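Please look through the structure below.

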Amino acid sequence: MESPIDPAFYDELVRTFSAWPEREVPDPATREHCRMLLHREARLLDQGRFDDWLALYAAHCVYWIPATPGGDPRREVAVAFDDRRRLEDRVYRLGTGNAWSQLPASRTVRLLSNIEVFPGTGTSLLVRSNFLVSEWRAGETHLWSGWCGQRLRLREGRYEIEVRQVNLIDCDQHLRNPSLIL
Amino acid sequence: MNTSTFFEGLVHEDRVHRSIYTDAAIFEREMTHIFGAVWVYLAHESQVPKPDDFITARLGLRPLIVTRDMNGRLRALYNRCTHRGARICRQERGNARTFQCAYHGWTYFNTGKLRGVPWPEGYACDFKDAQFNLAQVPRVESYRGFIFGTLNLDAPPLADYLGLARKPIDEWLDRHPGGKVEVREANRLKFKGNWKLAYDNACDGYHVVFSHRSLLQMENRNEPDPNKGMSFYRGKPDEAPMYMQYFGNGHHFKDKRPNYEKRPGALWELEAAHPGQEFFEKRIRETAGPAALRALDLAAAETVNINVFPNLSILGNHIQVFTPVAVDETDTTWYATAVVDEANELNGAADDVNALRMRTQEAFPNFGEVDDAVNFEEIQKGLAACEDEWVYMHRGLGIEGRVQKQPDGSIKAPATDEAFMREHMREWRRLMSAEPRIAVARQP
């Protein structure tokens with residue numbers, strides 16, 4: 001599998017995720033479709049069904065957690081910047097039985113709200129949502145919070161996740177064991 | 001109790017007492033006797049390139065403003081209003097000639113001098129008195145971009161303190177165009193454990209194939225020839241050409257460069273797959289001409305760990321900083337670095353190298369360091385068992401010919417040896433038993 005990431009990809013990504021439309025998609029069925037997809041994604045992650053979760057993503061996709069608000073991935077490191085191959089690496093590692101930071105695995109519940117669906121280019125949609133992830137691991141409960149920007153694209157009758165940008169409110173602070181998938 | 005007898009009881013030749021990781025009183029003493037007494041890494045010059053640039057930092061627990069003042073001089077000001085003690089600067093970085101306390105409006109120049117206070121007629125004192133100027137670290141020096149500070153008036157010059165560690169630092173820098181790097185943000189990780197657990201691990205070649213087994217598996221999952229990343233730790237790492245070296249003053253070095261052929265492009269071949277690799281590698285090869293392999297090697301993680309006691313570890317392409325928060329809490333900051341190619345040594349490939357290099361630098365913090373940090377936390381939890389008092393670091397001790405003294409005074413041993421740990425603990429014990437002459441400075 002080759003990485004699809006090149007300068008044009010980065011340019012388009014940074015442009016899309018730095019300027020959000022103001023007006024939502026008017027069609028309630030489209031908005032409901034997005035809500036269902038986001039809730040399904042959250043449930044699969046909470047259930048630790050990472051392969052099923054990966055199946056929601058496009059063959060060329062990015063899972064991106066900036067290290068500064070609005071950080072440009074071309075010029076600075078991110079908390080995470082995974083293309084499809086590295087995302088599969090991430091899931092593979094968790095499945096090796098030797099990823100000590102997730103042994104035992106975190107128990108999580110995710111709450112999503114404030115879902116807004118905006119039109120993107122072509123058949124794509126841009127979706128914003130706020131999240132709270134309550135994580136219990138090794139005797140302690142910890143909250144992760146922020147908002148997600150996602151780009152979905154219609155392919156063969158269903159929406160796939162092309163980009164998921166996870167914007168932690170404390171992305172530029174010291175994070176304790178960020179080994180779970182957010 | 002006599003302090004040197006006390007600390008001799010805690011640090012033996014082969015082991016240390018659990019309390020050096022768990023005792024709050026020992027931690028408090030470290031903040032003066034270690035973090036006050038030696039040169040401590042504060043920041044990189046590329047974080048404050050212009051006059052009036054500042055970033056906040058800490059020296060032990062002391063909040064600092066590291067700034068290049070209005071005259072271009074590097075200073076480390078105490079971020080503490082001389083009036084009532086509030087932090088005067090609450091931004092993490094920026095550019096400012098003056099700092100005004102948000103509490104009562106006392107205002108300071110970035111030289112540390114008090115500029116003024118509201119309604120001075122209500123005071124009988126003379127505000128020209130130096131006691132009202134900000135405290136600052138009396139000695140701030142930079143070694144090739146790495147800014148250090150110390151409160152110890154008797155400390156040797158920084159270059160002498162770095163001593164033999166200067167050579168690998170020079171080599172690490174000199175592989176880059178112009179012999180310099182620029183800091184480009186960081187992966188920031190916190191763990192609930194003592195800061196020394198991270199420093200003890202910084203040169204540890206024994207843990208790699210166990211702690212990082214999942215990373216080694218991941219990096220090689222699609223490889224027909226599974227030798228990517230740190231694979232040279234598999235098999236018999238002590239028989240590999242890599243080694244550990246202790247430099248004195250608590251500094252040490254893990255040199256993995258002898259593990260592969262010394263030719264351009266060999267380092268890049270060790271890298272596992274990274275986002276953007278296909279496009280950028282191809283374009284670098286096509287456009288950088290004779291500099292292409294050097295450029296690709298600059299996108300790859302350099303295979304050294306250069307550890308400068310007590311809080312700096314230059315490893316891969318990272319500048320990692322350990323910041324104690326409490327006896328059982330530590331922040332580690334993995335500053336990413338980028339190539340700055342002012343003389344175009346890379347034939348225009350620098351931006352492509354950096355685009356790739358940002359991704360290569362995310363790999364270890366994401367898939368390696370998280371496992372280390374959890375192991376450090378598990379040590380801290382294990383050490384709650386107070387009757388089980390000792391922590392061992394005796395790997396290699398007492399084996400004839402294994403630990404070898406070098407003509408330059410350094411010590412070399414095989415890669416998995418814990419000699420470096422025994423030596424920095426000996427230095428820790430010496431510093432904790434000594435009485436350093438520490439002081440702050442103020443503008444006259």
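## One glycine in a strand

G248(B) sits in strand β13 (residues 243-248) of chain B. Helices (H or I, at least four residues) and strands (E, at least two) are DSSP runs, numbered from the N terminus. G248(B) is partly exposed, with 18 other C-beta atoms within 10 Å. A residue is buried if 20 or more other C-beta atoms lie within 10 Å of its own, exposed if 12 or fewer, and partly exposed in between; C-beta atoms are placed from the backbone.

Leaving aside neighbours within four places in sequence, G248(B) is in contact with G163(B), L164(B), G409(B) and S410(B). Contact means that the C-beta atoms of two residues, placed from the backbone, lie within 7 Å. G248(B) and F420(B) are 172 residues apart in sequence, yet 9.4 Å apart in space, C-alpha to C-alpha.

## Basis of the model

This is a predicted model: local features need pLDDT of at least 70, side-chain atom pairs count only at pLDDT 80 or more, and totals for chains, interfaces and linings use all residues. Residues are numbered from 1 along each chain as its sequence is written, while chains are lettered from A and ligands numbered from 1 in the order in which they are written.

## A helix with a buried face

Helix α3 (residues 24-33) of chain B has the buried residues F27(B), E30(B) and H33(B). Seen down the axis of α3(B), they fall within an arc of 135°, so they line one face of the helix. The arc is that of the directions from the helix axis to the C-beta atoms. The face turned away from the buried side carries the exposed residues A24(B) and A25(B). The cover over the buried residues of α3(B) includes α13 (419-433) of chain B.

## Helices packed on α12(B)

In chain B, the axes of helix α10 (residues 277-287) and helix α12 (residues 350-382) come within 10 Å and cross at roughly 155°. Axes are lines fitted to C-alpha atoms, for helices over the stretch in contact, and angles run from 0 to 180 degrees between N-to-C directions. α10(B) and α12(B) are therefore roughly antiparallel to each other. Angles under 35 degrees count as roughly parallel, over 145 as roughly antiparallel, 65 to 115 as roughly perpendicular and the rest as oblique. Q277(B), F280(B), R283(B) and I284(B) in α10(B) meet D352(B), V353(B), A355(B) and L356(B) in α12(B).

The axes of helix α11 (residues 292-299) of chain B and α12(B) come within 8 Å and cross at roughly 30°. α11(B) and α12(B) are therefore roughly parallel to each other. A295(B), L298(B) and A299(B) of α11(B) make the contact with V353(B), L356(B), R357(B) and T360(B) of α12(B).

## Hairpins in chain A

Strand β3 (residues 107-119) and strand β4 (residues 124-137) of chain A run antiparallel, joined by 11 bridges. Two strands pair if DSSP finds at least two bridges between them. P119(A) has L125(A) in β4(A) as its bridge partner. β3(A) and β4(A) form a hairpin with 4 residues between them, and G122(A) in the turn has a positive phi of about 60°.

β4(A) also pairs with strand β5 (residues 140-155) of chain A, in the antiparallel sense, over 14 bridges. Here L132(A) stands opposite S145(A) in β5(A). This hairpin has 2 residues between its strands, and A138(A) in the turn has a positive phi of about 50°.

## Where the chains meet

35 residues of chain A are in contact with 36 residues of chain B. On the side of chain A that touches chain B, α4(A) gives the most, with 5 residues.
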